[in-house]
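Here are some notes from a pass through the model, jotted down point by point. Have the structure open while you read.

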Amino acid sequence: MSSPRTPLSRPRCADLGGHLFPHPCGHFGPLLLVHLWALFCFYGGALNLQERVGLGLLVNPQGVHGGECGRGGDGARGVAQSHLEHLKLLILGSNTSIVRMSNSQTAEQSQFREGADEVTQLTNRRSKKRSRVWDFFKELPDEGKAICVYCQTKLSYHQGIGVSHFKCHILSGCQEFPQDPDRNEIFPVRDPAADGRGFVVDPAVTRDFMNKFWISANIAFRKIENSFFKKMMKSAHPSLNVHGRKILKKDCVGVYDEEKKKIQNSLANSGSSVSFTTDMWTSVQELGYICLTAHYIDEDFNLHMHTISFKSVPYPHNAAAIHSTIMDCLHDWDLSNKAFAITLDNATSNTAAVNKLKAKLWMDKPFGGEDLHVRCAAHILNLVVQDGMDIIKVAVEPVRDVVKHVNSSGPRLQSFNLLPEMSGHKPKKGLHLDVPTRWNSTHTMLEEALKYKAALTSYADVQNIQGHTVEDWNLAKRVCNFLKNFADATKVFSMHKFPTSHRYLEEIWGIRGLLVDEKYTKDDFLKDLCKDMKDKFDKYWDQPNKVLLVASLLDPRYKLVLLRFCFTEAFGEEISEERVANVRYWFTEYYEYYEHMAESSSHRSNIHSSPEVGGSADMLPRQKGKRKLELAFALFRQQHRPNRRRRSEVDMYLEDALVPLREDECFDVLKWWKRNVENYPVLAKMARDLWLPNRHLVPRA
């Protein structure tokens, strides 16, 4: 133990450690420790070593910890005993000076009693009631009890005792406790592992999460050898050894193989066919890659999407190379027998590649699989709009020029944000500038520019550049409203978390109706735009895809009604009925194909059915009396039963009432079919295959 210091010497933190913070095996209350710590912080600069030893004894009156429980030993305990009373007076003394008492026993006893009274006052202060039980109990200090606010039961309580009996009363004893909230949720069971107690680090689990983090965050393998990363892991736990980049690469490949096996099992057990979306992607090095994404709906009607391949395509990127790459991927995943449809854009090489796939994959499908090549709807919409972009240049270029001027430098953007017209808007970091070859970015630019129309007009005047007239803004607004219809349809087809093929008729024929609407066809500026777009539209969709039309009938809100309405509006009643009959024939053909598949897989034959009453003709001679007559009549009735045509699921489904349309309700077609799978088992299986995506998906570079 170090030698005593003079009263004016300041204590060192190391000297306080063994006394102010005793070992956890000591016997003192945490509330008292908090009070003493506050007093020490106030008076700490004036306490010498002997007084600090006495403070340790005040914390634990049994003696300052020594031996294996702390520092100080018997010597410190003896010094502390002689200074205990003096220290009590010290910490309760004046704020301005430390009173040194004389050796007079009478004065010391008197002062000690006064200090003891103050200690009693400190310990008797009522602490704030933090327990949840006080939401249901009210204290009665005069009676030494607390009363339940529901059943008025009184339970004993005074300062210093626990409240566990209150908790037991709330959980099981109170008969008037309301049903809501649930009693068990009021006092949740605390998980000991939540605060880290008893937690054991598992290096294998940490390594697995680190591998998945490296993959998901797209971090280079060499970054694992960074010295600060290794130090960080060591600081978390000494047992966490960081391996090198080669082992990390091996682990990541193992994670890929494990996840691939899970997806393969999911695909094999899905019980449905798999549709694909694919497209070519070119890197900055001009290397060609093809991305293949698998889509399927499982037996619980959950839509799944997995990117199963991203492979380089050998040069030249012709039909043979694309076909070979796709087939290699299908064989690698064992999906050649489950492939249903594939969605690509309208490139000539893609069309030729799909024609090669038909001969190997779809010859047993209805109509020889001729419509299982689904052209990307979003891509066709893009082609339709691009044909009219030259016409709307007059409305777009003035807006583009002003936006480009604002974004060209920081001072110009700052002056734009300081305009009075911008007072009601948040400052902009930059306005959206379009890419001339992408019409959807042009629509976004016009939409934002119209929002800041007043500010852009004022900015042009301040900067002395050519601005917009009222007529220019009106023209830009008409073009923006026209393009919005195409942008909304593209967003629908671009959804990948929901099936979109059943919305083909609703969206595409909505665009067709837009192009023949008199509101636009009689507009002096937009009529030429509508004419050019209509010609391109008819080129691609005059003969709609059979699979998409059949899929649209599986929407229980529309069935044949929407189809008949669209065809009547477009072609008149006579041609409409003919086309509707064709679509119903295609629908029936697909149904019969799936019905045959269901019968083959179940291995059940309905040709020979058992009699309604047990027995056969061979049993008749062995029967007597009334029983013999009953068997004979049962056989006679079965042989002379009238032949009635069994109603198929197609007839029942199309004749049942439509699901009501509600504007505010987001209709989930998958949930509807899940609820009705027992009513239409074959059609439900058919819907799971036909609800394929209408847009190819390509990873972003």
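Buried is used here for under 20% relative accessible area, exposed for over 50%, and partly exposed for what falls in between (1.4 Å probe, protein chains only). Keep in mind that this is a predicted model: local features need pLDDT of at least 70, side-chain atom pairs count only at pLDDT 80 or more, and totals for chains, interfaces and linings use all residues. Residues are numbered from 1 along each chain as its sequence is written, and side-chain values use heavy atoms, with hydrogens and water left out.

1. Start with H323, which sits in helix α12. Helices (H or I, at least four residues) and strands (E, at least two) are DSSP runs, numbered from the N terminus. H323 is buried, at a relative accessible area of 10%. What does H323 contact, leaving aside its neighbours within four places in sequence? The partners are A353, K356, L357 and K360, where contact means heavy atoms within 4.5 Å.

2. Next, helix α11, residues 245-268. Its 24 residues reach 34 Å from first C-alpha to last, close to the 34 Å expected at 1.5 Å a residue; the expected span is 1.5 Å times one less than the number of residues. The buried residues of α11 are L248, D251, C252, V255, K260, I263 and L267, so take note of D251 and K260 in that list of buried positions. The buried residues of α11 pack against α9 (203-216), β4 (274-282), β5 (288-297), β6 (303-312) and α12 (319-332).

3. Now some helix pairs. Two packed helices are described by the angle between their axes and the distance between the axes. Axes are lines fitted to C-alpha atoms, for helices over the stretch in contact, and angles run from 0 to 180 degrees between N-to-C directions. Helix α14 (residues 377-386) packs with helix α19 (residues 470-494) at about 165 degrees, the axes being 9 Å apart. The two are therefore roughly antiparallel; the cut-offs are under 35 degrees for roughly parallel, over 145 for roughly antiparallel, 65 to 115 for roughly perpendicular, and oblique for the rest. On the α14 side the contact is made by A377, A378, L381, V384 and V385, and on the α19 side by L483, F486, A489, T490 and F493. By class, that gives nine nonpolar, one polar and no charged residues. Ala, Val, Leu, Ile, Met, Phe, Trp, Tyr, Cys and Pro count as nonpolar, Asp, Glu, Lys and Arg as charged, and the others, Gly among them, as polar.

4. Compare helix α15 (residues 393-407) and helix α18 (residues 453-463), which pack at about 70 degrees with their axes 11 Å apart. That angle makes α15 roughly perpendicular to α18. V402, H405 and V406 of α15 meet L456, Y459 and Q463 of α18, a contact of four nonpolar, two polar and no charged residues.

5. Staying with α18: which of its residues are buried? They are A455, L456, S458, Y459 and A460, and they pack against α15, α16 (410-417), α17 (439-451) and α19. Just after α18, N464 takes a positive phi of about 60 degrees.

6. P398 lies in helix α15 and is partly exposed, with a relative accessible area of 26%. P398 touches K393 and H468, not counting residues up to four places away in sequence. With H468, the separation is 70 residues in sequence but 7.1 Å in space, C-alpha to C-alpha.

7. A few backbone spots to check. Most residues other than glycine have a negative phi, and most peptide bonds are trans. The bond from Y315 to P316 is cis, with omega near 0 degrees, and P316 lies in the loop between β6 and α12. D334, in the loop between α12 and β7 (339-344), has a positive phi near 55 degrees and is exposed at 58% relative accessibility. K559 has a positive phi too, near 50 degrees, but belongs to helix α24 (residues 559-571) and is buried, at 4%.

8. Last, F498, in the loop between α19 and α20 (504-515). F498 is partly exposed at 48%. F498 and V669 are 171 residues apart in sequence and 9.2 Å apart in space, C-alpha to C-alpha.
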